[in-house]
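Please consult the sequence and the structure shown here alongside the text.

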Amino acid sequence: MTALAAYLQTHLAGSRAGVDLFSRSAKGQLDHEIGVALDEIRREVADERTQLQQIMSSLDVDENLVRSTAARIGERIARLKPNGSLLHRTPLTDLVEVEALRIAVSGKQAGWESLVAIADLVPQLDLDQLEQLVAQGKLQLERLGELHAVVARRALTP
């Protein structure tokens with residue numbers, strides 16, 4: 001297996017966990033408007049996952065089920081984070097999840113940027129597509145930053 005194949009498989013596994021986290025967080029947000037905004041980004045991230053699968057297919061790279069399963073299990077284990085309440089969702093849960101989403105999108109963004117860096121060496125990679133994905137990721141990070149500020153104020157204000 002090439003380093004590129006392993007790299008793509010790792011990002012695909014992370015993308016599945018990321019879509020799951022976006023979905024759960026969007027549905028659970030205490031503020032409905034925050035949930036709607038997260039669901040919009042979730043749809044974009046899910047579409048990017050499909051594009052990643054198409055890129056992998058063009059390179060004859062299959063999904064690594066062990067990596068994907070491990071990422072999904074990790075996402076589920078992360079649900080056990082402390083939030084000040086064992087039984088109920090709290091504003092702190094919303095904050096920790098938005099922070100996790102920012103980290104996930106930053107990782108995804110780094111993946112697209114890595115592919116941009118090698119696009120001239122790998123003919124199956126479409127530089128225009130990759131640059132659009134990088135631009136979309138930057139917008140997602142900006143929106144998540146704005147949502148983070150709102151959620152942080154609610155969670156951390158005495």
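## Packing of helix α4

The buried residues of α4 pack against α1, α2 and α5 (127-156); contact means heavy atoms within 4.5 Å, and helices are DSSP runs of H or I with at least four residues, numbered from the N terminus. Among the buried residues of α4 are Leu-95, Val-98, Leu-101, Val-105, Trp-112 and Leu-115, where buried denotes under 20% relative accessible area (1.4 Å probe, protein chains only). Asp-94, Glu-97, Lys-108 and Gln-109 are also buried in this helix.

## Basis of the model

The model is predicted: local features need pLDDT of at least 70 and side-chain atom pairs count only at pLDDT 80 or more, while totals for chains, interfaces and linings use all residues. Residues are numbered from 1 along each chain as its sequence is written, and side-chain values use heavy atoms, with hydrogens and water left out.

## Nonpolar cores

A nonpolar core is a set of buried Ala, Val, Leu, Ile, Met, Phe, Trp, Tyr and Cys residues joined through side-chain atoms within 4.5 Å. In the largest, which has 17 residues, Phe-22, Leu-38, Leu-101, Leu-144 and Leu-147 touch the most other members. The elements giving two or more residues to this core are α1, α2, α4 and α5, and α2 supplies the largest share, five residues.

## The loop residue Gln-29

Gln-29 is found in the loop between α1 (3-28) and α2 (32-58). Gln-29 is buried, at 8% relative accessible area.

Key: Buried < 20%, exposed > 50% of the residue type's maximum accessible area, 1.4 Å probe, protein only.
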